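Try each task yourself, then read the solution under it.

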Amino acid sequence: RIPPGVLAARDYERLAEQCIPADRLAYIAGGSGEDWTARANSAAFGRWSIVPRVLRDLRTGHTRVRIAGEVWAQPIGLAPVAFQKLVHPRGERETARAAAATHSPLLLSTLATTPLEEVAGLLSPEAGQPRPWLQLYLQPRREDTLALLRRAEAAGYGAIVLTLDASIQLASHRALRAGFRMPADCVPAHGSIGVPASALPAGASRIFQGAMAQSARHEDLAWLRGATTLPVWVKGVLDPADARALADAGCAGIVVSNHGGRTVDGVAPSLSLLPAVREAIGSHVPLLFDGGIRSGADVFKALALGANAVLVGRLQLYALAAAGALGVAHLLQLLGEELQACMAVAGCASVADIGPDRLLAVPDFNA
Ligand code: FNR
């Protein structure tokens with residue numbers, strides 16, 4: 001049942017307190033440190049307003065987009081979010097059912113609590129539903145990464161999305177204060193985040209000689225591209241020069257993201273670097289965006305600033321907690337309708353019509 005009082009996509013965030021135990025919610029809602037970046041991700045949308053048009057013929061209007069050869073009903077997908085059994089006993093199965101019902105793209109986390117084959121089995125590309133994509137954390141041993149790739153290829157996944165920004169993930173103080181510990185029944189079905197705990201010599205840095213020594217480099221990306229038949233996207237890119245280098249290296253697409261503000265507090269809000277990344281890679285490289293999306297107006301603004309489509313992370317978990325598959329499907333429908341309303345007021349008949357000229361920066365953006 002759709003929970004009463006949910007009138008807008010954002011309402012699922014308001015409901016979260018009622019649906020998710022406080023310590024789990026602190027882990028999910030939190031970012032890193034004092035959560036400044038996580039908050040700034042959402043606040044960044046408040047800097048922009050939508051410029052309306054009138055007398056436009058929108059009778060053929062629609063939200064379909066073609067991303068990497070596949071048609072998505074709307075430019076809104078489900079971000080890879082780990083451990084979905086934290087908020088619902090059937091976890092990713094429910095999310096997959098929502099993706100199937102709404103023909104939305106689903107990115108499954110390496111740290112999902114449901115095997116990737118089970119998720120793929122709930123989606124039918126023959127019925128026009130987008131194939132799921134697998135978000136990848138490179139595993140400490142290449143043979144384990146290879147095994148994951150073979151499973152994703154065999155199960156019909158459409159792409160691999162290598163997350164590059166999670167080598168350092170400092171916990172949210174809010175989650176630490178709430179005493180959050182991952183419950184024993186939330187076990188990742190495929191692999192780890194990729195950084196093994198290794199003993200360091202005295203005086204070595206846990207950051208440089210620890211986490212960063214295990215972190216992916218350009219040669220690992222080249223290896224990955226050669227190791228799979230699937231297109232390889234990269235997620236967690238904010239710097240325009242990095243984006244350009246990754247596009248030049250042959251990545252299928254780029255996800256502009258700061259991991260929902262969960263790496264190190266103080267990182268720039270995702271939206272603030274989106275226009276520069278789009279400019280650096282040109283108009284032809286597919287670009288997804290995530291970070292702070294809470295409404296269809298936020299989706300509109302990200303599209304106007306250069307994204308081909310967006311992903312939603314936390315909202316997905318909040319809707320999953322509130323009403324399972326129905327909640328996630330309802331969330332996607334609400335986001336789509338809110339986006340359509342923005343397109344209508346801005347005179348845009350298709351996503352391609354949504355350009356930077358539809359936005360105006362407002363100086364007093366905390367209004
Ligand atoms: C994430 N995110 C994430 N990203 C990724 O590449 N692999 C993962 O396993 C996870 N896991 C994960 C768990 C939780 C609880 C959260 C909140 C986030 C990041 C996610 O894909 C996305 O980048 C952000 O969540 C987007 O920001 P919003 O929509 O949550 O504001």
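This is a predicted model: local features need pLDDT of at least 70, side-chain atom pairs count only at pLDDT 80 or more; totals for chains, interfaces and linings use all residues.

**Exercise 1.** Work out which residues of helix H10 (residues 240–248) are buried, and how they are arranged around the axis.

*Solution.* First pick out the buried residues of H10, which are Ala243, Leu246 and Ala247. Their arc around the axis is only 100°, so they sit on the same side of H10. Then turn to the other side of H10, where Ala241 and Asp248 are exposed. What do the buried residues of H10 pack against? They pack against strand S8 (232–237), S9 and H11. To finish, go past the end of the helix: H10 is followed by glycine 250, which has a positive phi, near 95°.

**Exercise 2.** Classify proline 183 as buried, partly exposed or exposed.

*Solution.* Locate proline 183 first, in the loop between helix H7 (173–177) and helix H8 (206–210). Count again: 13 other C-beta atoms lie within 10 Å of proline 183. Exposed would need 12 or fewer, and buried 20 or more, so proline 183 is partly exposed. One more step: lysine 85 is 98 residues away from proline 183 along the chain, yet their C-alpha atoms are separated by 9.7 Å.

**Exercise 3.** Find the residues of the largest nonpolar core that touch the most other members.

*Solution.* This core has 110 residues, and Ile160, Ile254 and Val310 touch the most other members. Helix H13 (residues 314–345) gives the largest share, 18 residues. Now zoom in on valine 310: leaving out residues up to four places away in sequence, its contacts include Pro75, Ile76, Leu288 and Phe289.

**Exercise 4.** Describe the surroundings of the ligand.

*Solution.* Begin with the count: 22 residues surround the ligand, and the closest are Ala82, Ser109, Gly260, Gly313 and Arg314. Then sort the shell by class, which gives eight nonpolar, 10 polar and four charged residues.

Notes. Residues are numbered from 1 along each chain as its sequence is written. A residue is near a molecule or strand if its C-beta atom, placed from the backbone, lies within 6 Å of it. Ala, Val, Leu, Ile, Met, Phe, Trp, Tyr, Cys and Pro count as nonpolar, Asp, Glu, Lys and Arg as charged, and the others, Gly among them, as polar. Helices (H or I, at least four residues) and strands (E, at least two) are DSSP runs, numbered from the N terminus. A nonpolar core is a set of buried Ala, Val, Leu, Ile, Met, Phe, Trp, Tyr and Cys residues joined through C-beta atoms within 7 Å. Two residues are in contact if their C-beta atoms, placed from the backbone, lie within 7 Å. The arc is that of the directions from the helix axis to the C-beta atoms.
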